[in-house]
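Biologist: I would like to learn how to read a structure like this one. Could we take it feature by feature?

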Amino acid sequence: MTLSNPSELIGTDRLEKQLETNGHTTVSDQEMRNSIRTLLTELGEDPDREGLRDTPKRVSKAWQFLTSGYDQSLEELLNGAIFNENSHEMVLVRDITLFSTCEHHMLPIIGHAHVAYIPNGKVIGLSKIARICEMFARRLQVQERLTGQIADALQEVLKPQGVAVVIEATHMCMVMRGVQKPGSWTTTSAMRGVFADDARTRQEFMGLIRHSPQFH
């Protein structure tokens with residue numbers, strides 16, 4: 001569990017770089033298709049056979065979507081959805097479905113994010129919390145970095161009393177290859193502000209995400 005302030009973990013320059021959300025080098029669609037065609041050939045396949053003829057086009061389109069978070073910015077994503085509100089109680093959005101891609105093997109990471117913050121005069125539209133999770137997830141990732149990026153982004157845009165993020169996910173690189181352990185889950189957390197400093201606040205958050213919601 002990360003209990004330190006972000007400023008203690010990384011310098012200002014590195015924090016700003018971590019929160020950068022655009023400036024991604026664009027590769028042409030045709031270049032991607034050519035690379036996928038080469039991969040199919042190297043695997044011993046015939047990229048011109050009927051079942052694979054359109055695969056480079058489909059895979060290129062899929063990867064452009066799966067990595068679209070590189071081309072998004074927090075400013076554009078938020079679109080002004082930050083509001084002045086005299087609220088100082090915890091806001092929690094839990095069980096946000098998350099799909100990302102492991103940067104080591106380029107295989108899926110599938111799980112849920114639980115995100116909470118305690119306002120300090122400003123609140124954010126609830127859907128934007130899920131959008132922030134999506135933006136950082138739609139990149140090549142490691143779960144530890146993804147968790148911290150979500151926490152640091154909310155801390156940056158809201159300047160709240162604190163932010164807490166927990167991600168629970170399964171990694172296909174552990175399920176489909178290597179140790180081949182289906183059913184294994186990885187949990188990471190990032191605590192900022194009062195969630196790092198106050199054990200009672202942290203325990204309240206952990207207790208809330210431990211409870212299974214009964215929505216019908």
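Modeller: We can start with burial: a residue counts as buried when its relative accessible area is under 20%, exposed when it is over 50%, and partly exposed in between. Keep in mind that this is a predicted model.

Biologist: What share of the 216 residues of the protein chain counts as buried?

Modeller: Of the 216 residues, 40% count as buried. The chain holds 10 helices and seven strands.

Biologist: How should I read contacts across the sequence?

Modeller: Contact means heavy atoms within 4.5 Å. Taking contacts in the protein chain between residues at least 6 apart in sequence, 71% join residues at least 24 apart.

Biologist: Can you take a single residue as an example? Where does H114 lie?

Modeller: H114 lies in strand 3, which covers residues 108-118. Its relative accessibility is 1%, so H114 counts as buried.

Biologist: Which residues is H114 in contact with, leaving aside its neighbours within four places in sequence?

Modeller: H114 is in contact with V93, R94, D95, A164, V165, V166, E168, F205 and I209. With D95 there is also a specific atom to look at: the side chain of H114 reaches the backbone nitrogen of D95 at 3.0 Å.

Biologist: What is there to read about D95 itself?

Modeller: Start with the backbone angle. Most residues other than glycine have a negative phi. D95 has a positive phi of about 60° although it is not a glycine. D95 is found in strand 2, and it counts as partly exposed because its relative accessibility is 31%.

Biologist: Where does K159 lie, given that it also has a positive phi?

Modeller: K159 lies in the loop between helix 7 (143-158) and strand 6. Its phi is about 50°, and K159 is not a glycine.

Biologist: How do I set distance in space beside distance in sequence?

Modeller: V166 and V115 are 51 residues apart in sequence and 6.6 Å apart in space, C-alpha to C-alpha. V165 and F205 are 40 residues apart in sequence, with 9.5 Å between their C-alpha atoms. M90 and E204 are 114 residues apart along the chain, and their C-alpha atoms are separated by 9.4 Å.

Biologist: Where is the place of M90, and which residues is it in contact with, leaving aside neighbours within four places in sequence?

Modeller: M90 is in the loop between strand 1 (82-84) and strand 2. Its contacts are A116, Y117, I118, F195, T201, E204, F205 and L208.

Biologist: Now the rings. How many aromatic pairs does a search of the whole structure find?

Modeller: The search finds one aromatic pair. F195 and F205 form this pair, which is edge-to-face, with 5.9 Å centre to centre and 75° between the planes. F195 lies in helix 9 (residues 194-197) and F205 in helix 10 (residues 199-210), so the pair ties together parts that are 10 residues apart in sequence. Both F195 and F205 are buried.

Key: Residues numbered from 1 in each chain as written. Predicted model: local features only at pLDDT ≥ 70, side-chain atom pairs only at ≥ 80, totals over all residues. Heavy atoms only, no water. Helix = DSSP H or I, 4+ residues; strand = E, 2+ residues; numbered from the N terminus. Buried < 20%, exposed > 50% of the residue type's maximum accessible area, 1.4 Å probe, protein only. Polar contact = N/O pair within 3.5 Å; in protein donor to acceptor, adjacent residues only side chain to side chain. Phe/Tyr/Trp six-rings, centres within 6.5 Å; stacked < 30°, edge-to-face > 60°.
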